[in-house]
Structure formats: C-alpha cells, structure tokens
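Please have the sequence and the structure at hand while reading.

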Amino acid sequence: MGGYIEPAPIADKENPFESMMSRFKIASELLGLDDEIYNVLKNPAKQVLVSLPITMDDGSIKVFEGYRVIHSNILGPSKGGVRFDPGVNLDEVKALAAWMTWKCAVVDIPYGGGKGGVCCNPREMSAGEIERLMRSYTQSMIEIFGPDRDIPAPDMGTGPREMAWLMDTYSRSQGMTVHSVVTGKPLVMGGSLGRTEATGRGVMVSAMTAMEKLKINPYQAKVAVQGFGNVGSWAAKLMEERGCSIVAVSDISGAYYNANGIDINKAIAYRDNNKGSMEGFTGAEKISGDELLLLEVDVLIPAAKEDVITISNVDKIKAKLIVEGANGPTSAKADNIINDKGIMVAPDILANAGGVTVSYFEWVQNRLGYKWTKERVNRRSDRIMKDAFENVYKVALEYNVSMRIAAYIVAIDKVSKTYKYRGGY
Ligand code: NAD
C-alpha cells in the first residue's frame, strides 16, 4: 500500500475528493487492503459527460454540461442525487459519488454509489427552462438510469418536482410507468412517508446513541445546530422532543443563541413564515455564525455545508460530541486535532445516512407496489441507523481508531469482500 495520492496542499479549504481519499487511504491501510483492490475502489466505475442544448424562454439556445458518475455498483445498483448548481464539476461529482458508496455500505443497504449534476443556476431559470433541462438530462442518461442499474434522487437545486419530470421522461422512454427509477418523488406519485424528516431523524438517532456511549444525559445536554434547513431543523426538533436543550441554531442570515434553550417549534414556524430565513428571530440573541461552532455545548451538529470545521477553528471547539448532518463539514486536516482533544465524531457517512435509507425504502415500496405507514418507515430506519452506529462503534474500539475511520473500515471491508466474491475478469 502507499504512494497513490499526492499530499493535500497546505491550505484551509480542502478539495472534497482529496479529503475523501485521505480517509479512504488510512482505512485501507488499517484493513491491509491489497493494492489491486485499492485501485479498483479508488477509481469510479463509469463517468458520463453530456452536452445539453436547451431552448431558453427568449428563444436562444444555451448548452449546459451534465455529469453522472457511478463510483461503484459492486453492492448493487448505484444510488445518488442529481445536483443543479453553478459549482458542479467532475471532481466534485466524483467525490460525492464515492461518498455514496461508503454511506450505503455503512448502513448495509444493497446499493452502490453514484452522483450526477448539471452546471447551471436554477435560481436564474424559469420553471419551464428547468423542466426542459431535467428532461433533456434524463433523456441523455436513459441507458444509465434504471431501477436495477442506477437510481437518482434530489440533491442541491433539485427536489420532488424535478424527480417527477425525471420519472415521467424515463417512463415515456420505456412505454410504461416506472416509479422505482428515482426516489424523492412527490408523495402522490410513489414518494415515501417519512422521507422529508429522514436525514434529521437519523442524525437524532446517531446523536442519542453517541450520548449514551459518552454518558451524556439528554435532559442536561446543550446542543448547537449549524444550518436550520431540512436536516438541521428536523434534528433540532426531534432532539428537543427527547429532552435536549437546543441553545443555538444558525442559517445563512447568522446564528441565534439562547442559554435557556430555543423553542424549536416556534423557530420553525418563524422561518416558514419568513421566506425560509431566521433573520429577525427574537426568541434568541444574535451571534456570529463562527461563534456558534465554538459554544460551550455538549453536542455540535453541523448541518449546513462542507468544510466548516477546519484547522483554523478546531482548537477552539468545546463540544464533546460532533454529529455530522452535512456532507464533509470537517476537513481531513482537522481530524487529528479532534481526535487528540477526545471529541467523538459521528461522521457524515454514518450520521446523515437516514436519508438514503428511507430512499431505499421508497424504492422497496415502489417495487412491492405497496405503501408503508410512517410508523413502519421510522421504526425500520431507526433500527438501521442504531445498528449501523453500534457496528461502527465496535470497529472503532477493535481497531482503536476514530468513528470516522471505523466507518470507512466497515464500508471498505464490505465492498472489497463483495468484489472478491463477485470476481473480475
Ligand atoms: P437546506 O438547503 O434545506 O438547508 C441548508 C441550511 O444551511 C439553510 O438553513 C442555510 O441557510 C444554511 N446555511 C448555508 N450556509 C450557511 C452558513 N455558512 N452558516 C450557517 N448556515 C448556513 O439543505 P439540507 O437538505 O438541510 O442539507 C444540509 C446538508 O446536509 C448538506 O451538506 C447536504 O448535502 C447534507 N445532506 C442532506 C440530506 C437530505 O436528505 N436533505 C441527506 C444527506 C446529507
């Protein structure tokens, strides 16, 4: 093993692919993975790049670049979202696709990892333009997508509306309705109950399980949540219901702190009546977004974006437990300092896997032609999240490594063993 990747440049911000690769490399070495399998898992199985000419509302034709990367289909059909964002590029899509492989393996669902995206700015496009782009993207991926091949889902800039267009375009091409080609659909056309809150719920299950291990009493626990969108607000609400005091939340407008605990239902109602923003919220004192990360709390939940805990602030973090709702919120270089400080991290590929777990349930329900109750969805996803946490925790003790490296070990071990059973040419 060794000598495969260039050392990351000394900079605060890290390339997501390098961040992922550095953890992958550590876990592979600990597992004693041989060079051949390491190379198989390092390289994406398939990378598709398409040009999508779209007629805009003013009659002009604009060409967009679209991507779909299948990192691995060793465990099953690849699974992963489609991102519509001006920052989409091949390196990012490759990293996100690999993360999906590890995430599905950690929670033991029978999927490989994939990711897609189109470099565009949906905020500057009309609904009609977005629809034409989504349908054109789908058409160009007809040979790639499929319920047993590659199953897309929403990601940044896309949601149930776009998934409905994707499902319809795919279904027309097959001459029949195919619900199971995509997840994250509207409820009326085969979406699953419990999907909206699934990621935040999984974050809550991970946090409660970790608190049990650290002997933190939820009724005395103080929690700070960065990002008050889908994941952050559901995690905050469900943890408050279990006795925790959510002393701070933040969004792009800033952070809001109340030592006595914020009333999360009121905060959610405020946000929903205020065009999705917490700006002007009076149930707490306003502090800066950076301060939120450094508060004297028991649990810190980064649930906004990547690279927010870095070598420039990790020294000052006082939380005993970090539960990663976002993908990649901790830079690889901050990992060692976190470990030295004795902070437990429930890593992204474990803690935010509740979303893909319920996406899997959506696909299962579509294939059964049946609908589960919300109680059944929650019960089964809670069990999967709890079992996955316990398994990663056991491996962390066995190898004497962090929960993050343990999660990679669990994932890489599963995918590499399956690869060996399946064999190659
Ligand atoms: P969202 O768009 O609903 O919410 C994001 C929130 O973060 C918003 O409140 C936004 O204002 C806030 N935010 C953005 N920049 C910020 C900053 N600099 N400081 C503080 N707050 C900031 O998105 P989401 O679906 O909740 O996703 C959040 C994260 O979780 C992303 O990293 C996403 O990839 C990850 N994730 C989401 C899901 C899911 O099912 N939604 C699943 C797995 C992982």
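## Aromatic rings in the model

At 0% relative accessibility, W102 counts as buried, where buried means under 20% relative accessible area, exposed over 50% and partly exposed in between, with a 1.4 Å probe and protein chains only. This is a predicted model, in which local features need pLDDT of at least 70 and side-chain atom pairs count only at pLDDT 80 or more, while totals for chains, interfaces and linings use all residues. Residues are numbered from 1 along each chain as its sequence is written, and side-chain values use heavy atoms, with hydrogens and water left out.

The structure holds eleven aromatic pairs; rings of Phe, Tyr and Trp (its six-membered ring) pair if their centres lie within 6.5 Å, and planes under 30 degrees apart count as stacked, over 60 as edge-to-face and the rest as tilted. Two of the pairs are set out below.

| Pair | Centre distance | Plane angle | Class |
|---|---|---|---|
| F24 and W102 | 5.2 Å | 20° | stacked |
| Y256 and F281 | 6.2 Å | 80° | edge-to-face |

The pair of F24 and W102 links distant parts of the chain, since F24 belongs to helix 1 (residues 16-31) and W102 to helix 3 (residues 90-106), 78 residues apart; here helices are DSSP runs of H or I with at least four residues, strands are runs of E with at least two, and both are numbered from the N terminus. F24 is likewise buried, at 0% relative accessibility.

Y256 is buried at 1% relative accessibility, and F281 is buried at 10%.

Ring pairs also join Y111, Y360, F361, W363 and W372 into a cluster.
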